[in-house]
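The exercises below are meant to be worked through with the sequence and the 3D structure open beside you. Read each task, try it yourself, and then follow the solution step by step.

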Amino acid sequence: MIDFDHVTVTYTDALAPVLSDVTAHVPEGELCLVVGGTGSGKSTLLGTVNGLVPHFTGGRLGGRVTVAGRDTRDHPPRELADVVGVVGQNPTAGFVTDTVEDELAYTMESLGLAPDVMRRRVEDTLDLLGLADLRDRSLSTLSGGEAQRVAIGSVLTAHPKVLVLDEPTSALDPAAAEDVLAAIQRLVHDLGLTVLMAEHRLERVIQYADSVLWVPGGGAPVELDSPAAIMARSPIAPPVVQLGRAAGWDPLPLTVRDARRAARGLAGTLPPAPPAAPSTAGDDLAAIASAVVVRYGSVVALRGVDVLLRAGEVVALMGRNGAGKSSLLRVLTGLTRPTSGSVSLGGADPRTLKGRELITHVGLVPQQPGDLLYCETVADECAAADRDAAAVEGTAAALLARIAGDVDLSLHPRDVSEGQRLALALAVVLTAAPPVLLLDEPTRGLDYPAKARLVHVLRGLAAGGTAILLATHDVELAAEVSDRTIVLADGEVVADGQSREVVTHSPVFAPQVAKILQPLPYLTVADVLAVLP
Amino acid sequence: MTLTSAESGLTQRLRELQPLPRLLHPGAWWVWALCLAYSAMRTSDLVLLLTIAAVAGVVVSQRRGRAPWANAYGLLLKLGLVTVAVTVLLQLLIGVRVPGHTLFTLPSVDLPHWLQGLSLGGPITGEAVLNSFAAGLRLAVLIACFGAANALAHPARLVRILPAALYEVGVAIVVAMTFVPQLAESVVRVRAAQRLRGRPITGLRGLRGIAVPVLEEALERAISLAASMDSRGYGRRAGRSAVSRRVTNTLLLAGLGCAVVGTYQVIGGTDTRTLGVVLLVAGTLLALATGFLAGSRTGRTRYRPDRWGLPEWLVVACGAAVAATYTFGLHGAPPGGLPWAWPALDTLPFMLTLVGALPAAIAPPVPAAR
């Protein structure tokens, strides 16, 4: 269905090709997962399938990409719209119309299909993706998971043979991600669609894949093989695979269910609990929110929430979208005035703090780290951070080097990789050395190595006495880094306790290792490795 | 047969007569609203102006949709009231002195002779207050009519009925309409982030910190929108040559331009009205003909196009009846401004204005929420 024949892509002004000599054949009806680190050329590879690379992005394409018999060199993206459906990383940015039904019809209108055909296909697609209740809704009112399904539906109505998805679940909470993946699964099974999907969160998708296209980046050859074969040797692997490798299981399990079967022997040999990690939590209270109520009109975002943060403690804040996580972060930083209740940051009310005073009390890395950045180069950004915080010159740059290693300081902050941009925002915030650090969804678009580095940095900060509150959907990250987990639902705290106790038995928040070794309270591969002989 | 059963039989009959719930063609609502707005422009009779606003309000209350913008009438009505207050206040302070019944006298300032006609303070007459109130009210009713049109049919739906030749313009309008709220949202977000960087969010320095990330994000959004449109077949099979496209676009815009100028002269109601009518008719015909010819060759199709049936004709006819009333002199506005007297009810135009409220019953009801 998709043929890559010695494909080499070089962008204008680039020294080396992003992809070199890629040859692979994705057969019809397969769900092929594209796996690779950040900046390895995954998105470029996806772009070549419908000709966006190079027709839209520029650059030079060597070799040949053929989709359903059409050569992308002679067919610009619009002439491939009836065979390839593409959904980008941010689905809302690709919406052209303003209601769900119109959006579903848009591609068909461009293709010039007959009105009765369009009507029928829209109805089919609404049912197929479970969107029937949303048909009249304005696109701006959709939640992340709904928007993602509408975006998939909007390309599906053209009855393409190939669906290309770039990180369809990375911005979604676990439940919404399940919805989207179930829909994709149905498309592959019922319609025989060929799906090419890139995703960082392998723990969510690897069990659905028929094959994996491994893009190592850095000019190394691309490989197409079965998921088990690639996972056996890939440096990027979900926890279930890492555990399987560590325990030497053969065949290597890819799903929690297979792993649980393989783990029967292992579970018997493990001690009833992993050795307790030394906690860095101190006794000083860094932040107190007591009986905080936040309401926006008739919507109650927080209903009397009590949260304590101790110095040196890492707390994960979990809950579905709209549960009140962002409101809590906003209250703690003084961006939102609580309707009632009080907030104290080491004795100070964040509402009364301004400018330099505020940033030396609390730091927040927002969901889109780019919001914090406004200079033309990374070096300027660091210098500005030093000035804002009245820190010694070079503080921010030194922090950045510690967090992210070598970053080209002359680059524009928008041109560095996702992980480096997060590191830059973190460095900017940490320049003022706030005793309380808040992070909102820090792992969007981060690959496993970047996440591991983030975990290392956060643990280091906690050891230095910083209180860290981390709002996240990423259960694996929360398991790795947090001492304590708070779960919010409908603006109320429904669980607050040691992470090990809170997440072990939750079907939604349990990390893969906990699911495999249930009921033993092991959360991460490191926990298991520590007790394995 | 008891009275109640006769009554229920009657309601049953009435219900059968009513068309099935569906959304009325947005064009019909906008024509109807334009007719009301035009009528408001042609009168300064306070009772009639208020009647027009009430007529629009009744129809909106019965036939508006469920979307968020369906509150447009109420919002714009409030804006209209502010307009009235401002107009009257300005007239009191610096308006032209109108002779008549003095209500009270404000301390006045003598203005230099080259500002002849204007005054600052001085005696305030009832006529002055009344006439400025009428002028303000006229503007308020005009705004309310616009609000009614928005509440009944969102402009985005209006864009959908543009002729295929103007398709690109329509896409641009819809994109712009969704772009503005997104921009506002990203300004709020970036302002919060900049505050958390300990940076000023006001003044010139603050502006830079906010504008740069917001504009960068807008640019990125625009690029991904373009990529998405390209991969979804936008601009495919454009069949026509660039020259023929340019010719049709020019003719179409010329036609629409003529129609706009014509409308302006008709409303202006001066001695050029005949020319205005000719321009309006000729321009509309030209635009329609070009649009139809070009539209038949674009290779695009329309999903669930809005239908134009009997209810649409009736709604337009109601609007036209009101507009005709005010065109042919029945508008009861004395040429020298309103006298200082209790406004009298001009029965015939009043009754004819009420015809404008009929769409509240004859337009098909809005489909129920699912």
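**Exercise 1: The nonpolar cores**

Task: find which members of the largest nonpolar core touch the most other members.

Solution. The largest nonpolar core has 184 residues, and those that touch the most other members are A:V34, A:L196, A:L317, A:L400, A:A427, A:I468 and A:L470. A nonpolar core is a set of buried Ala, Val, Leu, Ile, Met, Phe, Trp, Tyr and Cys residues joined through C-beta atoms within 7 Å, where buried means that 20 or more other C-beta atoms lie within 10 Å of the residue's own, exposed means 12 or fewer, and partly exposed is in between, with C-beta atoms placed from the backbone. Helix α16 (residues 418-430) of chain A supplies the largest share of this core, 9 residues; helices (H or I, at least four residues) and strands (E, at least two) are DSSP runs, numbered from the N terminus.

The model is predicted, and local features need pLDDT of at least 70, side-chain atom pairs count only at pLDDT 80 or more, while totals for chains, interfaces and linings use all residues. Residues are numbered from 1 along each chain as its sequence is written, and chains are lettered from A and ligands numbered from 1 in the order in which they are written.

As a next step, take A:A427, which touches A:A396, A:L399, A:L400 and A:I403 when residues up to four places away in sequence are not counted. A second, separate core of 49 residues includes B:L36, B:V59, B:I124 and B:F146.

**Exercise 2: Where the chains meet**

Task: state how many residues of chain A are in contact with chain B, and which element of chain A gives the most.

Solution. Begin with the count: 50 residues of chain A are in contact with 41 residues of chain B, contact meaning that the C-beta atoms of two residues, placed from the backbone, lie within 7 Å. On the side of chain A that touches chain B, α3(A) gives the most, with 7 residues.
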